[in-house]
Amino acid sequence: RLTLYQPGIRSGYVHSYFGGVQQQIAPSLAVEINALGSLGRKGITTDRVNRSGMFNQMFDDIYYRANQGSSAYNALAAVARFRPSRGQLQLSYTWSHSIDNQSEPLTGDFYDLSFGLPPSRAGFARQFDSHGDRGSSDFDQRHNFVFFSVWDLPPVWTGTRTAAVWRGWKVSQIAAFRSGFPFTVNADPVADIAAHLTVDVPGGKQLLNPKAFVRPKGVGTLGRNVFAGPGLFNIDLSLSRSFALRALGQAGRLTLRIDGFNALNHANLNNPGFLDWSATSVMDTARAVALYGRKGVAATFPALIPFAETARQLQVLVRLEF
């Protein structure tokens, strides 16, 4: 295919800001609140012109790369750190909103950053209209709550012959609760009918009401990324103990550890498939289904897509140090 570049194309630039406060509330408790953000301008975008051969029948879509990209990111983050005598705990919450008019200009060309959706090509919904696609970024996650902790378990059965076996164990965990990624529906809404619907179906949940949409006249009127996909959460647990081995010297140590990934065996949902009903008069119910088993697609270069999420996994580690 033919790719054209804006004459004098340049690198984009970013203006960023950060401000925060910290406070020691108690000897073992500290909190901080931070505001941060950035404005991106002159980002490189991809448009697809000559659609349907409207200018030249000899060519299919012509890819045009230019400095038409703009973005904005604003966030408020709160962190609490608690350090008692037997462990530590940190809780972090971030509210953020990322807005742009195109999240990845190389989608379908060199990278595949589409979060598991069917292959697509970068381009504005309407050719020559870079402002019409301004909306939430494809990777926008409005809420993000993460906490981790490490604790020294208290000794049990002290004074017995087995007391040494139960002494010195540590338990740790890391958990994340996040809102979902946005997605686009190329359709026209039906007035007074709720679009959102949560119904259990085989393999997942139906998220949208088919009766709330009709075939659009060209590009739908709903805008880019106006719907939010299902959120996700995951908890990993770990139990460990180190034993001193003096026969191997002062540094001699044997460590035993059991890790449980996705300890609750929770299946997160994918976003629905590509929701484009421009070629049908009735919304296909199957396309509005979010299936269980979120999984990142195969990596190209660089590997910036989410890691694959699996069912519960247990890992046993034995490490000898000397």
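Is D152 buried, partly exposed or exposed? With a relative accessible area of 30%, D152 is partly exposed, because buried means under 20% and exposed over 50%. The model described here is predicted.

## Salt bridges

A search of the whole structure finds 10 salt bridges. Side chains of opposite charge can pair when their charged atoms come close. In one of these bridges, D152 pairs with K170, with the closest N and O atoms 2.4 Å apart. D152 lies in strand β7 and K170 in strand β8 (residues 169-178), so this pair ties together parts that are 18 residues apart in sequence. K170 is partly exposed, at 36% relative accessible area.

R224 and D138 form another salt bridge, their closest N and O atoms being 3.3 Å apart. The pair ties together parts that are 86 residues apart in sequence, because R224 sits in the loop between β14 and β15 and D138 in the loop between β6 and β7. R224 is buried, at 13%, whereas D138 is partly exposed, at 29%.

The side chains of R51 and D47 also meet in a salt bridge (3.4 Å, N to O). R51 counts as buried at 17% relative accessibility, and D47 is buried at 2%.

Of its 17 lining residues, G43, S71, D100, Q102 and S103 are the closest to its centre. Strand β3 (29-49) gives the most to the lining, with 5 residues. By type, the lining divides into 5 nonpolar, 10 polar and 2 charged residues.

## A surface patch

V21, I33, L76, Y93 and W95 form a nonpolar patch on the surface, with about 460 Å² of accessible area together. Y93 belongs to strand β5 (residues 87-100) and is partly exposed, at 32%.

Terms used: Residues numbered from 1 in each chain as written. Predicted model: local features only at pLDDT ≥ 70, side-chain atom pairs only at ≥ 80, totals over all residues. Heavy atoms only, no water. 1 Å grid on protein atoms, 1.4 Å probe; cavity = no way out; pocket = protein on both sides within 12 Å on 5 of 7 lines; lining within 4 Å. Helix = DSSP H or I, 4+ residues; strand = E, 2+ residues; numbered from the N terminus. Nonpolar A, V, L, I, M, F, W, Y, C, P; charged D, E, K, R; others polar. Patch = residues over 30% accessible without salt bridge, like charges linked within 9 Å, V, L, I, M, F, W, Y side chains within 5 Å. Areas by Shrake-Rupley, 256 points an atom, 1.4 Å probe, with all protein chains shown as cover. Salt bridge = Lys/Arg side-chain N within 4 Å of Asp/Glu carboxyl O. Buried < 20%, exposed > 50% of the residue type's maximum accessible area, 1.4 Å probe, protein only.
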